[in-house]
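Subject: Handing over a structure, with notes

Hello,

Here is the structure I promised to pass on. Please have a look through it first, and then read my notes below.

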Amino acid sequence: MARTISPWADLQSLFQIIKILKTNKFDIIHCHSSKAGVLGRMAAYMTGCKIIYYTPHSFSFNIFNSKLKNAIYAFIEKIMTLFTTKVICVSAGEFYLALQMKVSNEKKMVVIPNGVELKKKGMTREKKNLLEIKGITYSKKVIGFVGRLSIQKNPEMIVRAIEKIKMDDVLLLIMGTGPLEKSLTELVNLLGVSDKILFLGEISNVREVLGYCNIFVSTSLWESMPYAILEAMEEEIPVIATEISGVTDIVKNNITGILVPPNDYERLASIIEELLPDSDKQKKLTQNAKEIINQEYNIENMIEKLKNLYLSAP
């Protein structure tokens with residue numbers, strides 16, 4: 001299945017999904033994300049499945065698109081809702097956005113927030129000798145960024161913020177790959193900050209690498225509820241994030257994290273400089289964040305709510 005719209009490839013994917021569904025005779029089909037959500041629900045309906053769930057994980061329409069593009073995406077989602085038993089939103093922000101765009105009504109939607117695995121008491125994560133291998137000393141103040149290097153995740157914002165920071169001992173770890181990787185590397189060289197930024201590529205042990213970080217930064221332009229922020233909070237890393245729908249469900253300004261306006265890299269740089277030396281503020285933010293993760297955003301809660309939804313299906 002291709003990420004972009006590709007009629008021939010999409011048609012092939014649809015036929016393959018239909019074949020799988022016919023072979024297995026599922027009682028419930030749960031589709032995730034926009035592309036798979038469309039093809040999966042079409043295939044489910046065409047094979048006679050009566051219970052079809054859909055989790056968007058961030059709708060394709062957002063404030064950074066043109067009105068025409070948003071209208072097209074919203075129309076597609078609205079049509080597909082006709083073949084959907086329930087739309088499962090992963091945040092209140094996603095739920096209210098769907099209502100605003102008239103994708104569905106309240107009765108056909110439910111909010112089941114994302115959840116992450118909690119560390120067991122006394123558990124310590126093994127830290128890889130990643131920084132030592134790269135020749136980096138522990139005197140560095142390390143900032144973490146996790147995400148696909150794409151327009152949505154907006155990694156340029158954190159790169160430009162690093163260039164504005166006057167502290168010498170700052171290091172940014174960028175975890176992820178994507179279509180902006182080449183242009184981002186060029187920007188790093190152009191700004192002269194290659195000694196302050198380390199591209200790690202795809203990381204399978206993200207939570208272990210987070211253990212090196214003093215601060216976690218999310219610069220996304222749109223989200224539903226990012227796992228990267230939840231994992232950073234669970235690992236007790238103070239979070240700075242852009243003030244967007246979905247993120248504001250979990251990052252409460254100066255309570256569980258710090259919010260900055262999207263694309264305002266100068267403000268981001270200023271906040272980083274203020275927070276890095278302020279251990280008391282860091283402790284307050286991480287304690288509050290850890291508390292809401294334990295109570296509301298753990299994977300056991302998420303699984304229990306999904307299980308109850310499945311078992312209550314007509």
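Let me start with Ser 13, which counts as buried at 9% relative accessibility; buried means under 20% relative accessible area, exposed over 50%, and partly exposed in between, with a 1.4 Å probe and protein chains only. Ser 13 has its place in helix 1; helices (H or I, at least four residues) and strands (E, at least two) are DSSP runs, numbered from the N terminus. Leaving aside residues up to four places away in sequence, Ser 13 touches Met 1 and Leu 39, where contact means heavy atoms within 4.5 Å.

Before going on, please note that this is a predicted model, in which local features need pLDDT of at least 70 and side-chain atom pairs count only at pLDDT 80 or more, while totals for chains, interfaces and linings use all residues. Residues are numbered from 1 along each chain as its sequence is written, and side-chain values use heavy atoms, with hydrogens and water left out.

Helix 2

Leu 39 is one of the buried residues of helix 2, and Arg 41 is another. These buried residues are covered by elements including helix 1 (7-24), strand 1 (28-32), strand 2 and helix 3 (67-81). The charged end of Arg 41 sits over the ring of Tyr 54, 3.6 Å from its centre; the rule asks for NZ of Lys or CZ of Arg within 6 Å of the ring centre and within 35 degrees of the ring normal. Just after helix 2, Gly 48 takes a positive phi of about 85°.

Aromatic pairs

Rings of Phe, Tyr and Trp (its six-membered ring) pair if their centres lie within 6.5 Å; planes under 30 degrees apart count as stacked, over 60 as edge-to-face and the rest as tilted. By this rule there are four aromatic pairs. One of them is stacked: Tyr 53 and Tyr 310, at 5.9 Å centre to centre with 25° between the planes. This pair links distant parts of the chain, with Tyr 53 in strand 2 (residues 51-55) and Tyr 310 in helix 12 (residues 299-311), 257 residues apart. Tyr 53 is buried at 2%, whereas Tyr 310 is partly exposed at 29%.

Salt bridges

The structure holds nine salt bridges, each a side-chain nitrogen of Lys or Arg within 4 Å of a carboxyl oxygen of Asp or Glu. Which residues are linked in a network of salt bridges? They are Arg 207, Glu 234, Glu 235 and Lys 290. Glu 234 meets Arg 207 with the closest N and O atoms 2.5 Å apart; Glu 234 lies in helix 9 and Arg 207 in helix 8 (residues 206-210), 27 residues apart. Arg 207 also forms a salt bridge with Glu 235, at 3.1 Å between the closest N and O atoms. Glu 234 is buried at 0%, Arg 207 at 12% and Glu 235 at 11%.

Helix 11

Lys 290 takes us to helix 11, where it is among the buried residues, as are Leu 285 and Ile 292.

Best wishes
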